Amino acid sequence: MLLSVLLGIPVSLACFFFVGLQHQLQHWVWTSLPEAVGYRVPPWWWPLPTLLLAGLVLAPIVTRMPGAGGHLPVNGLGGTPVGPRELPGTVLAALATLPLGVVLGPEAPLMAVGSGLALLAVRRVAADADARASAIVATAGSTAAISTILGGPLVAAVLLVEGAGLGGARLVALLLPCLLASGTGALVFTGFGQWTGLKIGALALHEVPPNVGPDAGDFLWGVPTAVLIAVLVTLARALGRRTVSYTRHRTAVRTLLCAVAVGGCVTAYALITGRDPAEAALSGQATLAQIAAHPHAWSVGALVALVACKGLAWGIALGGLRGGPIFPAVLLGTATAMACSGLPGFGATPALGLGIAAAATAVTGLPLAGAVLAVLLIGGDAYEQMPLIVIASVVAFVVAQVMPRTVRRHRAEGTPRAPGTADATGTAR
């Protein structure tokens, strides 16, 4: 635990400057550079060259650098911790492509920074460190990193508890170091954020719609909306898995084609709506805050176009590019729920809560973490929305678990057998 506290400070400092630099590069690409060439907002064609550049940069990283630029986002935030050898490629892929608009979030690369630096420190201090101790320290580093971008140590702790699937003494042995490291990290981020004035683009909602207690209409429309969100997220992840298969061969060329396809989807959003393409191109924190603060400034058509275009781009990026999957999913869930909030008896505040919870649950497979994230983002207004938030999380979890299994079963039942092959009972057909 003492080691986790000591590691939490340098790891959090490194993560702070990592996300600060990523945010500054993003601001330069999508705000400063367009203004410098005479555009108030990026023109509709802006994503085409930026995503082409992202693909050109990412292709050699994926094919030639250790670690292939980090975990595939379609696999979630899981997987083995990123070690020091794979860390440079992961950091380079994130800093070089996320600001260019690859429709993914910074959370997975940030966790890689935390685990990689923690493992590096442990190996420098004790080369013969126990494998289990190293795994705990690496997890603590990842938790310290992710806590600062997801709203605080509590969300990271719930993700850890629910995702680890441990209990009793084993859970305590893992939870205590991670809580200390994430608490230290949150303190460092808060202090350096005030001292330097750098913005890190954390997932936060500073304004939300007026609080209105949920009624029968909110539950009547809210449950089908949660089902719809889970279906959309599951379909996007299925597209991501197909993209993984597509990029296994001729990886460099097909990675570039995936980036160009993402740029085409973002460009389509800008052409259809006439709005800023950055709303669909970036990870989603800023757009989510805009929708939450001014839900009526978005037409239903604009929200539907955002879900369709960004959802398609996100599905491609999940299997072909590198980054985190959670932030874009939360934006897609919120946009879907807000598009439905105009239905009779369905309010904007209940829609916001259930959209965040359903999407976070569907993409992570962790219903408690999804509900906690929604409650913390909404703040004081979440107290009356908690029943709907919890139900939306459970519904989204069930749909996201059942839907892929049902599809696989139907495919297996519908696959024709060649003459002379045996079925499950051994009978030749």
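Predicted model: local features only at pLDDT ≥ 70, side-chain atom pairs only at ≥ 80, totals over all residues.

Helix H11 covers residues 285-293 and packs against H13 at an angle of about 25°, with the two axes 9 Å apart. Angles under 35 degrees count as roughly parallel, so H11 and H13 are roughly parallel to each other. I noted the hand as well: H11 passes H13 in a left-handed crossing. From H11, the contact takes in Gln285, Thr287, Leu288 and Ile291, and from H13 it takes in Phe327, Val330, Leu331, Thr334, Ala335 and Met338. I sorted the residues of this contact by type and got 7 nonpolar, 3 polar and no charged.

Next I followed H13 to another partner. H13 (residues 326-340) packs with helix H14 (residues 348-364) at an angle of about 145°, and their axes are 7 Å apart. This time the crossing is right-handed, as H13 passes H14. On the H13 side I listed Ile326, Ala329, Val330, Gly333, Thr334, Ala337 and Met338. The H14 side of the contact includes Ala348, Ala351, Leu352, Leu354 and Gly355, and also Ile356, Ala359, Ala360, Val363 and Thr364. By type, the residues of the contact of H13 with H14 come to 13 nonpolar, 4 polar and no charged.

While there, I checked H13 itself. H13 has 15 residues and reaches 21 Å from its first C-alpha to its last, close to the 21 Å expected at 1.5 Å a residue. How many of the residues of H13 are buried? I found 15 of the 15, so H13 is largely enclosed by the rest of the structure.

Then I turned to H2, residues 47-64. At 1.5 Å a residue, the 18 residues of H2 should span 26 Å, and the end C-alpha atoms are 26 Å apart, which agrees. I wrote down the buried residues of H2: Pro47, Thr50, Leu51, Ala54, Gly55, Leu58, Ala59, Ile61 and Val62.

Ile61 has its place in helix H2. Is Ile61 buried or exposed? Its relative accessible area is 4%, and buried means under 20%, so Ile61 is buried. Leaving out residues up to four places away in sequence, Ile61 touches Ala68, Gly69, Gly89, Leu92 and Ala93. I also checked Ile61 against Pro88: they are 27 residues apart in sequence, and their C-alpha atoms are 9.9 Å apart in space.

Ala68 has a positive phi of about 55° although it is not a glycine. I found Ala68 in the loop between H2 and helix H3 (87-97). At 23% relative accessibility, Ala68 counts as partly exposed.

Arg250 also has a positive phi in a residue other than glycine, with a value near 50°. Arg250 lies in the loop between helix H8 (216-247) and helix H9 (251-273). Its relative accessibility is 59%, so Arg250 counts as exposed.

Last, I took the whole chain. The secondary structure comes to 16 helices and 0 strands. Of the 429 residues in the protein chain, 51% are buried. Among contacts with a separation of 6 or more, residues 24 or more positions apart account for 77%.

Terms used:
Residues numbered from 1 in each chain as written. Heavy atoms only, no water. Axes fitted to C-alpha atoms, helices over the stretch in contact; angles between N-to-C directions. Helix = DSSP H or I, 4+ residues; strand = E, 2+ residues; numbered from the N terminus. Left-handed = near helix turned anticlockwise from the far one by under 90°. Contact = heavy atoms within 4.5 Å. Nonpolar A, V, L, I, M, F, W, Y, C, P; charged D, E, K, R; others polar. Expected span 1.5 Å × (residues − 1). Buried < 20%, exposed > 50% of the residue type's maximum accessible area, 1.4 Å probe, protein only. Parallel < 35°, antiparallel > 145°, perpendicular 65-115°, else oblique.
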